[in-house]
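Student: I have a protein model open and would like to learn how to read it. Could we go through some features one by one?

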Amino acid sequence: MTNFKKITAAAVSAALAASMAGCTPSIGSGSTVAMTVSGYDVPAGLFIYYTIQSFDEASNILKEKNGEAPEIKDVKNAKIDSMDATDWIQDKALEYCVQYISVLKEFDDINAAGGNLTISDEDLENAASMASYYYNQDARLKENGVSLESMEKMAENSYREQEIFNYYYGFEGSDGCSEEELKDYFDENFARVKYFSISLTDSEGNKVGADEERKRRKLAEEYAEQINKKSSEMDKMFELDEVSNDYNEYIAAQTTTAEGETTTTTTTTSTDAEETTTTTDPYANERLIQKSTTTAAEEKDDSENSETETAEETDSDKNNRLFNEFLFNDITKGKAEVYDYSEDIIYVVIRGDLRERMTEDDYWSEEYISQIQSVRYYDTFVDMLENKADQMNYDKNKSAFRRYAPFKLELETEE
């Protein structure tokens with residue numbers, strides 16, 4: 001199973017049951033339940049929603065393959081993974097239904113074994129709000145009989161997932177870690193970084209002359225030296241803003257036109273272009289960068305048996321990867337250094353002490369702790385839920401599967 005992450009990542013992802021309306025046939029007594037999964041009934045609305053979602057996925061697959069959005073008839077006549085589209089879409093919808101029910105069952109099983117998992121009133125209110133938002137984004141839901149109340153019930157499942165996650169991977173969880181161990185993980189896998197760009201091109205994107213390049217490289221080295229003269233890390237962070245402003249002023253005062261008129265030259269940088277100003281904010285312009293653990297070569301090896309080939313690493317991807325490796329393997333913490341990001345851009349960069357910002361009103365708030373736990377254990381959590389879903393048995397209601405076959409539903413979307 002490879003689609004569980006789409007469920008765990010979504011705040012609202014399905015609908016449960018609803019009366020049918022408009023031109024869609026009403027749900028009969030023999031099709032109100034689409035399937036039964038390990039003793040849990042799957043209402044038709046849930047299956048209908050996942051059928052619509054799976055149709056959209058099929059459409060996106062064909063769009064990526066052919067370069068243009070397909071019409072409904074094109075999807076209907078297509079084959080996906082060597083399967084007729086109808087079968088592929090219904091199999092995918094079935095898979096999502098099993099995964100959804102597996103969350104319900106795990107929640108109930110934990111409580112039956114003595115756990116105390118609950119959904120708070122606040123979370124229920126949030127679920128209702130999210131359900132309303134997503135419900136109004138897709139007119140097909142109402143047209144195919146999916147109710148807002150059903151969306152609210154489905155939204156609650158995301159909070160069940162969070163409760164299950166905390167049960168296993170929170171500080172008190174059986175498979176989690178201590179607070180200090182999580183801090184170690186955070187420090188090892190994230191970098192608190194501050195830097196600015198020095199361009200080696202002019203305002204038109206042309207490479208500057210050799211003399212000007214040498215001058216700008218010398219400026220970068222002087223800026224790093226100026227920063228490192230400061231005694232404390234905080235002062236160094238402030239000083240980096242100062243030299244960044246100095247560099248911007250240098251660029252603004254650059255060359256004149258052929259007529260001798262002064263012009264303002266804008267640097268050509270990466271998407272991380274800086275516009276720093278003097279500030280009293282001790283953390284202004286800082287970035288939190290996550291360690292990259294997968295190289296382009298590893299991604300290619302992992303995809304050798306896949307039908308989809310991994311795209312070649314672009315120059316931009318390579319530059320970002322090498323910069324990431326520099327930050328986590330080579331730079332000296334607390335010391336400003338000059339780094340050649342590309343042929344056209346160099347950075348003056350400093351990596352600070354992340355632990356200094358691990359306070360309850362900064363990077364160690366409850367929200368941050370929850371996010372870091374998710375980063376560390378999310379894949380393990382998904383694998384665990386997938387394994388549980390794989391072990392569940394189900395019985396399909398053939399009548400419901402025929403009645404709510406994908407191309408019997410209203411699938412047109414508003415432009």
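Student: What percentage of the residues of the protein chain count as buried?

Tutor: First, keep in mind that this is a predicted model. Of its 415 residues, 44% count as buried. A residue is called buried when its relative accessible area is under 20%.

Student: How many helices and strands are there in the protein chain?

Tutor: The protein chain has 14 helices and 9 strands.

Student: What share of the contacts join residues at least 24 apart in sequence?

Tutor: Take the contacts between residues at least 6 apart in sequence; 75% of these join residues at least 24 apart.

Student: Where does glutamine 90 lie, and which residues is it in contact with?

Tutor: Glutamine 90 is part of helix α4, which covers residues 85–112. With neighbours within four places in sequence left aside, glutamine 90 contacts Phe47, Phe401, Tyr404, Ala405 and Pro406.

Student: Is glutamine 90 buried or exposed?

Tutor: Compare the value with the cut-off. Glutamine 90 has 11% relative accessibility, so it counts as buried.

Student: Which residues meet where α8 and α13 pack?

Tutor: From α8 come Glu181, Leu182, Tyr185 and Phe186; from α13 come Ile369, Ile372, Gln373, Val375 and Arg376. The residues of this contact divide into 6 nonpolar, 1 polar and 2 charged.

Student: Next, aromatic rings. How many aromatic pairs does a search of the whole structure find?

Tutor: The search finds 25 aromatic pairs. To read a pair, look at the distance between ring centres and the angle between ring planes; planes over 60 degrees apart count as edge-to-face. The rings of tyrosine 167 and tyrosine 168 have centres 5.1 Å apart and planes at 85°, so this pair is edge-to-face.

Student: Are tyrosine 167 and tyrosine 168 buried or partly exposed?

Tutor: Tyrosine 167 is at 35% relative accessibility and counts as partly exposed. Tyrosine 168, with a relative accessible area of 14%, is buried.

Student: Where do phenylalanine 323 and tyrosine 341 lie, and what kind of aromatic pair do they form?

Tutor: Phenylalanine 323 and tyrosine 341 are edge-to-face, 6.3 Å centre to centre with 85° between the planes. This pair links distant parts of the chain, 18 residues apart: phenylalanine 323 is in helix α12 (residues 315–330), and tyrosine 341 is in the loop between β7 (337–340) and β8 (345–352). Both phenylalanine 323 and tyrosine 341 are buried.

Student: Which residues form one aromatic cluster?

Tutor: Phe165, Tyr167, Tyr168, Tyr169, Tyr377 and Phe381 form one.

Student: What is the phi of serine 38 and of serine 82?

Tutor: Serine 38 has a positive phi of about 45° although it is not a glycine. Serine 82, also not a glycine, has a positive phi of about 65°.

Student: Where do serine 38 and serine 82 lie?

Tutor: Serine 38 is in the loop between β1 (33–37) and β2 (40–43). Serine 82 is in the loop between β3 (79–80) and β4 (83–84). At 69% relative accessibility, serine 82 counts as exposed.

Student: Finally, how many disulfides are counted?

Tutor: A disulfide needs a pair of cysteine sulfur atoms within 2.5 Å. The count by this rule is 0 disulfides. Cysteine 97 is buried, with a relative accessible area of 0%, and cysteine 177 is buried at 8%.

Technical notes
Residues numbered from 1 in each chain as written. Predicted model: local features only at pLDDT ≥ 70, side-chain atom pairs only at ≥ 80, totals over all residues. Heavy atoms only, no water. Buried < 20%, exposed > 50% of the residue type's maximum accessible area, 1.4 Å probe, protein only. Contact = heavy atoms within 4.5 Å. Helix = DSSP H or I, 4+ residues; strand = E, 2+ residues; numbered from the N terminus. Nonpolar A, V, L, I, M, F, W, Y, C, P; charged D, E, K, R; others polar. Phe/Tyr/Trp six-rings, centres within 6.5 Å; stacked < 30°, edge-to-face > 60°.
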